[in-house]
Amino acid sequence: MPGRVLTLLSGAVLAASAALTVAAPAQAAVVERGESPITTGEYCIARIDSRSVVGLYERGSLNCYGYVGGRFAYLGTGNAYDACRSSNPGRVIVGVKEGLPSHYLICLVEV
């Protein structure tokens, strides 16, 4: 009888400890994906100006450039997060940053 009580008691303690255990949420990894100015330019073509050739991420702004009248010119500003979403469909974008020295866009993507 004492052995049976001890077994039941240890089972109850084990069940209680399992119930109190809190599972930590799985942490998603974040990777940096560098986007070429040409890839970012495709976003610029679709969203900003069809004459765009490249998109550069400069000092916190996604700037679109292309040729106008034979000269390379600024054509408008886009949204860096939208550009990352368009080249990383279905992924969560957690941030953006500037790749130096060539001002390419770096997308911080959850995987």
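These are my notebook entries on a predicted model of one protein chain.

**Entry 1: the chain overall**

I began with the secondary structure. I counted 3 helices and 6 strands in the chain. Read from the N terminus, the elements run α-β-α-β-β-β-α-β-β. Next I looked up burial. The chain has 111 residues, and 30% of them count as buried. I then took the accessible surface, which comes to about 7300 Å². Carbon and sulfur atoms account for 59% of that surface. Last, I checked contact range. I took the contacts between residues at least 6 apart in sequence, and 37% of these join residues at least 24 apart.

**Entry 2: disulfides**

How many disulfides are there in the chain? I found 2 disulfides. I then noted how they pair. With bonded cysteines counted along the chain, the pattern is 1-2, 3-4.

I took Cys 44 and Cys 64 to start. Their sulfur atoms are 2.0 Å apart, and the two residues form a disulfide. That pair links distant parts of the chain, 20 residues apart. Cys 44 sits in helix H2, residues 37-47. Cys 64 sits in strand S3, residues 61-68. I read -70° about the S-S bond, a left-handed link. Are Cys 44 and Cys 64 buried or exposed? I found both of them buried.

I went on to Cys 84 and Cys 107. A disulfide joins them, with an S to S distance of 2.0 Å. Why does Cys 84 count as buried? Its relative accessibility is 0%, and the cut-off for buried is under 20%. Cys 107 also has a relative accessible area of 0%, so I logged Cys 107 as buried.

**Entry 3: Asn 88**

I looked up Asn 88 next. It lies in the loop between H3 and strand S5 (93-99). What does the side chain of Asn 88 make a polar contact with? I found the side chain of Arg 33, at 2.5 Å. I then listed the contacts of Asn 88, leaving aside neighbours within four places in sequence. They are Arg 33, Glu 35, Ile 93, Cys 107 and Val 109. I marked Cys 107 in that list, as it is bonded to Cys 84.

**Entry 4: Leu 108**

I moved to Leu 108, which lies in strand S6. Its relative accessibility is 19%, so Leu 108 counts as buried under the 20% cut-off. I checked Leu 108 against Val 94. They are 14 residues apart in sequence, and their C-alpha atoms are 5.5 Å apart. Leaving aside neighbours within four places, I listed the contacts of Leu 108. Among them are Val 30, Val 31 and Glu 32. The list also includes Val 92, Ile 93, Val 94, Gly 95, Val 96 and Lys 97.

**Entry 5: a surface patch**

I finished on the surface. Which residues form a nonpolar patch there? I found Ile 38, Val 53, Tyr 67 and Phe 72. Together they have about 400 Å² of accessible area. I placed Tyr 67 in strand S3, the strand that also holds Cys 64.

Methods. Residues numbered from 1 in each chain as written. Predicted model: local features only at pLDDT ≥ 70, side-chain atom pairs only at ≥ 80, totals over all residues. Heavy atoms only, no water. Disulfide = S-S within 2.5 Å. Helix = DSSP H or I, 4+ residues; strand = E, 2+ residues; numbered from the N terminus. Buried < 20%, exposed > 50% of the residue type's maximum accessible area, 1.4 Å probe, protein only. Polar contact = N/O pair within 3.5 Å; in protein donor to acceptor, adjacent residues only side chain to side chain. Contact = heavy atoms within 4.5 Å. Patch = residues over 30% accessible without salt bridge, like charges linked within 9 Å, V, L, I, M, F, W, Y side chains within 5 Å. Areas by Shrake-Rupley, 256 points an atom, 1.4 Å probe, with all protein chains shown as cover. Salt bridge = Lys/Arg side-chain N within 4 Å of Asp/Glu carboxyl O.
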